[in-house]
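Dear colleague,

Please find below the structure that I am handing over to you.

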Amino acid sequence: PYDITQAGFTGASVNTVTKSGTNQFRGTAYAFYRNEDLTGKKVKGNKILAPDLNQFQGGFAFGGPIIKNKLFFFVNAELEDRTDQGSNFVAARPGLSGSNVSRVTAEDLESVSTALRNRFQYETGVYEGYTHNTDNVKGLVKLDWNISSKHSLAFTYNFLDASKDKPAQPSAIGRRGPDYTTLQFYNSGYTINNKLNNFALELKSNISSTYANKFRAVYTTFRDTRDPFSVPFPVININKDGVRYIVAGHEPFSIHNKLNQDAFQVTDNFNIFLNKHTLTLGGSFEQFKFENSFNLDAYGGTFGPGHASVQEFVNLVNSGDFDDEVGFSRN
């Protein structure tokens with residue numbers, strides 16, 4: 001861009017204008033709901049499986065004067081609560097058929113789960129029929145103050161508190177499902193959490209028809225973390241016919257995985273309006289700090305060919321030869 005005040009971005013810069021309060025109290029409220037019964041079940045005449053779904057979204061906005069013609073407020077909040085079926089695939093059983101039936105048998109899954117429970121009191125969780133939640137709450141508060149005929153001050157605060165349940169990463173470091181070839185247990189998944197807080201202060205000064213100034217300060221915090229469903233435990237990959245078959249244990253990318261970010265920016269632009277030209281003088285300061293933690297394979301088992309078969313893995317557990325690996329992850 002040719003405007004010297006626009007910088008520090010790649011691709012596109014988006015300017016967002018937030019509503020403000022007025023001399024009248026005004027508000028609005030809304031709600032939206034749907035489930036699998038409101039989802040199409042045919043594509044070009046072919047029936048498809050509509051997975052379980054429950055979604056509610058609702059919010060409100062309200063604004064008005066604190067002091068007429070002088071001080072105004074505006075608030076907005078929204079929440080969303082959504083539940084999706086975690087996997088459309090089910091384990092194979094005698095007499096069961098369909099496009100959503102995996103090659104992985106319920107007998108093999110129960111065998112792995114039982115062996116881990118009996119030996120280590122470790123719960124794998126279920127392998128079908130589970131749901132994942134997506135929740136978020138977001139809001140905004142804005143104050144506008146007409147200090148004088150020449151100066152106005154605006155303060156804006158907005159936040160996001162969101163979480164989303166996810167299965168184990170489906171393709172990184174080999175296939176992990178859930179699909180026709182590979183199934184995973186529920187406790188191999190995780191929740192990803194995103195928390196954002198943003199504070200902005202803007203002072204506009206129309207000094208005269210020739211001079212104007214805009215001062216802006218913004219402070220933003222981001223907190224991204226993960227909550228694994230599993231207690232500390234090795235990553236377990238079991239094959240069949242040389243192809244990944246069953247995934248159990250801890251999710252490999254969610255061991256104390258977090259990203260904390262803090263951004264602070266101060267900008268001041270002083271404009272001089274001449275007959276045919278506008279001169280802009282100013283400065284901008286930006287500070288960015290982050291803290292990142294990522295512990296891939298901290299509990300072991302992520303890399304390597306995996307266990308050759310279900311029976312080989314169950315024998316390994318029952319013989320006690322898997323004890324050291326489990327003990328390492330728990331210590």
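I begin with the aromatic residues. The count comes to 16 aromatic pairs, where rings of Phe, Tyr and Trp (its six-membered ring) pair if their centres lie within 6.5 Å, and planes under 30 degrees apart count as stacked, over 60 as edge-to-face and the rest as tilted. The rings of Phe313 and Phe322 have centres 5.4 Å apart and planes at 75°, so this pair is edge-to-face. Phe313, at 0% relative accessibility, is buried, as is Phe322 at 1%; buried means under 20% relative accessible area, exposed over 50%, and partly exposed in between (1.4 Å probe, protein chains only). Ring pairs also join Phe120, Tyr122, Phe233, Phe313 and Phe322 into a cluster.

Please note that this is a predicted model, in which local features need pLDDT of at least 70, side-chain atom pairs count only at pLDDT 80 or more, and totals for chains, interfaces and linings use all residues. Residues are numbered from 1 along each chain as its sequence is written, and side-chain values use heavy atoms, with hydrogens and water left out.

Phe233 belongs to the loop between β12 and β13; helices (H or I, at least four residues) and strands (E, at least two) are DSSP runs, numbered from the N terminus. Phe233 is buried, with 0% relative accessibility. Beyond its neighbours within four places in sequence, Phe233 is in contact (heavy atoms within 4.5 Å) with Leu116, Phe120, Tyr122, Gly249, His250, Tyr299, Phe322, Val326, Ser329 and Arg330. His250 lies in the loop between β14 and β15 (258-273) and is likewise buried, at 2% relative accessibility. Apart from neighbours within four places in sequence, the contacts of His250 include Tyr122, Pro228, Phe233, Ile255 and Tyr299.

Turning to the helices, α1 (residues 106-120) and α2 (residues 310-319) pack at an angle of about 10°, with axes 10 Å apart. Axes here are lines fitted to C-alpha atoms, for helices over the stretch in contact, and angles run from 0 to 180 degrees between N-to-C directions. The two helices are therefore roughly parallel to each other, since angles under 35 degrees count as roughly parallel, over 145 as roughly antiparallel, 65 to 115 as roughly perpendicular and the rest as oblique. Among the residues that meet are Leu116 and Phe120 in α1, and Phe313 and Val317 in α2.

There is also an open sheet of three strands, in the order β10-β14-β13 and with mixed pairing; two strands pair if DSSP finds at least two bridges between them. Strands β10 (183-184) and β13 (235-240) are at the edges with a single partner strand each, so one side of each has no neighbour in the sheet. The pairing of β10 with β14 (residues 243-249) is parallel, over two bridges, and places Gln184 opposite Val247. Helix α1 lies across β10, β13 and β14, at about 35° to β14. Helix α2 packs on this sheet too, touching β13 and β14, and its direction makes about 140° with that of β13.

Finally, nine strands form an open sheet with antiparallel pairing, in the order β1-β4-β5-β8-β9-β11-β12-β15-β16. The twist averages 5° from one strand to the next. Within this sheet, β11 (residues 190-206) and β12 (residues 211-228) pair in the antiparallel sense over 17 bridges, and Asn194 stands opposite Asp224 in β12.

With kind regards
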